Amino acid sequence: LTAVTMASCLLVGVLAVAACAMARPVDDAMPEFSWDTIPVYIHMCNKTGAFSDDSLQFLAKFPMVTIEKGQGEEVSTCCAEDKILAVAKSIKAINPKIHTIFYYNSVLDWEMYRMHDTMVANPSYWLRKSDGSPVRKAGDHTFPQPKDGMLVFDFTKPVVRDFWASACLNLSKTGFINGCFADRANEETFPGVSAATQEAYREGHDKASQCAGSAGTSKNTARAATAGGKGFAGGLSSCAS
């Protein structure tokens, strides 16, 4: 990370942790918090592979850490879920109290995830324009992606909402992931998509986030959704409703 990127991550962390502290009392389902020092968290990845022991020791000092999709991308292309989980296990071995957050996108089908294999195998999962062609959108160009953009999850369909939310829920059941950072939680407008489909997408997008979240996902300027491990509802009934 550059100094600017690191500063941005830490600033977001200050705001996020402070907001949590003001919203509800701190308990064991929340990251450790104290006003004795400036509250920060860190959001990053190491594209060259595993973190060094010194780096893990540094990460373990934070109350909360989000591991990004690009973890180990220069070593292998798949799968981000496994790589993020491996880092979380290593960090928690040093500091069991730390909250480790799984990063994924609530709009874009990033191809380094195992989820992409399911998307490719199920064209009915793709959000489509009025002319029937799939919606494709570009993401952060720091990370590898197709030149014509990535597929978009069709949250108008309960099966897609279940599929997307299960990625977060299943990782939380490992005991090493405390929550999920659902990026682009407020992006719900796509050129070429009919007004009716767009409205259905908005409703489905919210339902999917609520299903993966402890008490529902609130949209905010950081475009993040986190869910404490203890707060997950059993099953995926809210995704299908």
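Predicted model: local features only at pLDDT ≥ 70, side-chain atom pairs only at ≥ 80, totals over all residues.
One of the pairings to look for is histidine 43, whose bridge partner in β2 is threonine 66. Between these two strands the chain passes through helix α2, residues 53-59, and this β-α-β crossover is right-handed.

On to strand β3, residues 99-105, which runs parallel to β2 and is joined to β2 by four bridges, with histidine 99 in β3 as the bridge partner of methionine 64. Here the chain crosses from β2 to β3 through helix α3, residues 80-94, and this crossover, too, is right-handed. Within β2 itself, residues 64-67, Met64 and Thr66 point one way while Val65 and Ile67 point the other way, and yet all of them are buried.

Now the aromatic rings, of which the structure holds 13 pairs. In one of them, tyrosine 125 and phenylalanine 163 are tilted, with 5.6 Å centre to centre and 45° between the planes; tyrosine 125 sits in the loop between α4 and β4, whereas phenylalanine 163 belongs to helix α5, 38 residues apart. Both residues, tyrosine 125 and phenylalanine 163, are buried.

Phenylalanine 153 and phenylalanine 155 form another tilted pair, at 5.9 Å and 35°. Phenylalanine 153 counts as buried because its relative accessibility is 2%, and phenylalanine 155 counts as buried because its value is 0%.

Definitions and conventions. Residues numbered from 1 in each chain as written. Heavy atoms only, no water. Buried < 20%, exposed > 50% of the residue type's maximum accessible area, 1.4 Å probe, protein only. Pairing = 2+ DSSP bridges. Right-handed = clockwise from strand over helix to strand, strands pointing away. Phe/Tyr/Trp six-rings, centres within 6.5 Å; stacked < 30°, edge-to-face > 60°.
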